[in-house]
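The sequence and the structure come first.

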Amino acid sequence: MDFSLSVEDVAFRDELRAWLAKEMPAFLEEWSVPDADPDDEDADEVGDGETGAEGFDRTQERRRAWQRLLDEGRWAAVNWPVEWNGRAATPTQNAIYSEEMARARAPGIYNANGIWQIGPMIITWGTEEQKARWLPTILSGEEHWCQGFSEPEAGSDLANMRTTAILDGDHYVVNGQKTWCSSAHLARWGLFLLRTDPTAFERGVKHEGITAFVIDMTTPGIECRPIRDLTGDTMLNDVFFTDARIPVEHRLGGEGEGWQVAMTTLGHERVGTAGLSVSMATDLRRVISLAASENPDALRDPALRDRLAGAFMEIELTRLLNYRALTKISQGLPNWPEVPLAKLQWSSIAQNLAELALDLFGPAGVLGPGAAGAPDDGRWARNYAWQRYTSIGAGATEIQKNIISKKALKSARAAR
Ligand SMILES: Cc1cc2nc3c(=O)[nH]c(=O)nc-3n(C[C@H](O)[C@H](O)[C@H](O)COP(=O)(O)OP(=O)(O)OC[C@H]3O[C@@H](n4cnc5c(N)ncnc54)[C@H](O)[C@@H]3O)c2cc1C
């Protein structure tokens, strides 16, 4: 494993650190609403834990303002090309970016999905007109974006999607249902995968006949119905389409190329959990200091002390797994098996940490946001429920295990 950073990487890190040191304090002073969750990079998925419409709106405005400031400094979309105000960051620089943002506890951004997933798809597959129309609004946060892939019968098995888009003159007519669309009710635009060739099922080739579209969420025939999740938040949505007419020029890529469009970012060599090991270590220290004031006896309990030490070790192990993946990527080797292993590590640590916090705080730990005497205003009780998502978001646990097992068994066969 190579821990050394190149001269360019050190310059990238130092420039970002200097920018954050200069810009963040004044921003935080002006926008005092805290983000409830550490996983800011996935802010669209995380929700905010803000109660009341006013608090929610202010959090969204704060995210938009922070993203604008980042964009002014060319720090909003580091993985985008320079011509689109990015920095064409390498995998190592992407990891440095995540770590530095986590270290600084930087606020969440407004268009996380747009910056990390949808923008790169438009950059790779869009026409010049499409890029000019949509990329600036993603960057500036002027318009919110969502992503609609999942359906009631298509999640882990995404190619099972049934929502149809049938060509009719210069429009496609869309019918069906998408689900679990984060923040779709706030979005002006969405990147959707739709089935343009329903015969693909009977032909036994369901990965084919799928096409990507950018959809104006204000189009007649589209209805968003928020879903209340385990934490009580309503950031996820069912999205229903009834004869919604989408112009042909909003198709991204060719007809039938949707699967390849969706794979644009999934195939990117991005070590997504790099920043999370930093934020989880910070969270763990925060939990310990809160426990010291809320329930000090817990910190003398040998079983809890053992779990604390275990959690620190697991976090450090994940950090090292990320570095090993980066080393392999920089040497042109596949990042297997470190990336799926790190995803599993992230999910198990996040959930263990959430449980540990509640056990350390004692009875007060289960008090939720707004309850009198709740440690950190109930953030940890909410977090306990919220972290269940980590075993399904970004690739379900069983699917990761299947991938590891299939690849490992194949490698074992090849070695014989
Ligand atoms: C917080 C959150 C935000 C999300 N945001 C979005 C979004 O913005 N846009 C969007 O399109 N989607 C979004 N999703 C949906 C997400 O992509 C899906 O939940 C995910 O792909 C899993 O699909 P599913 O929910 O249909 O579960 P399923 O695929 O039905 O899985 C259910 C369970 O069965 C297991 N399972 C499934 N297949 C197998 C198998 N072959 N072998 C063994 N076990 C299996 C899974 O591991 C899981 O435990 C979001 C989900 C969450 C939790």
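## Strand pairing

Ala 165 stands opposite Val 174 in β3. The model is a predicted one: local features need pLDDT of at least 70, side-chain atom pairs count only at pLDDT 80 or more, and totals for chains, interfaces and linings use all residues. Residue numbers start from 1 along each chain, as its sequence is written.

Strands here are DSSP runs (E, at least two residues), helices are DSSP runs too (H or I, at least four), and the numbering goes from the N terminus. Two strands count as paired if DSSP finds at least two bridges between them.

| Strand pair | Sense | Bridges |
|---|---|---|
| β2 (residues 164-168) and β3 | antiparallel | 5 bridges |
| β3 and β7 (residues 236-247) | antiparallel | 9 bridges |

A hairpin is formed by β2 and β3, with 2 residues between them. In its turn, Gly 169 has a positive phi of about 70 degrees.

## The shell around the ligand

A residue is near a molecule or strand if its C-beta atom, placed from the backbone, lies within 6 Å of it. There are 20 residues around the ligand, and Phe 149, Gly 155, Ser 156, Ala 396 and Glu 398 come nearest.

Which elements supply at least two residues of the shell each? They are β1 (145-148), β3 (171-182) and α12 (397-415). The largest share, 4 residues, comes from α12. In terms of domains, whose bounds come from an automatic or database domain assignment, the shell draws at least three residues from each of domain 2 (145-257) and domain 3 (274-415).

By residue type, the shell divides into 9 nonpolar, 9 polar and 2 charged. Here Ala, Val, Leu, Ile, Met, Phe, Trp, Tyr, Cys and Pro count as nonpolar, Asp, Glu, Lys and Arg as charged, and the others, Gly among them, as polar.

## Single residues

A residue is buried if 20 or more other C-beta atoms, placed from the backbone, lie within 10 Å of its own, exposed if 12 or fewer, and partly exposed in between.

Asp 243 lies in strand β7 and has a positive phi of about 50 degrees although it is not a glycine. Asp 243 counts as exposed because it has 10 C-beta neighbours inside 10 Å.

Asp 376, in the loop between α10 (338-361) and α11 (379-386), is also not a glycine and has a positive phi of about 55 degrees. With 19 other C-beta atoms within 10 Å, Asp 376 is partly exposed.

Ser 293 belongs to helix α8 (residues 274-294). Ser 293 has 9 other C-beta atoms within 10 Å, so it is exposed.

## Confidence

The predictor's confidence in each residue is pLDDT, from 0 to 100. The protein chain averages a pLDDT of 90, and 92% of the residues score at least 70.
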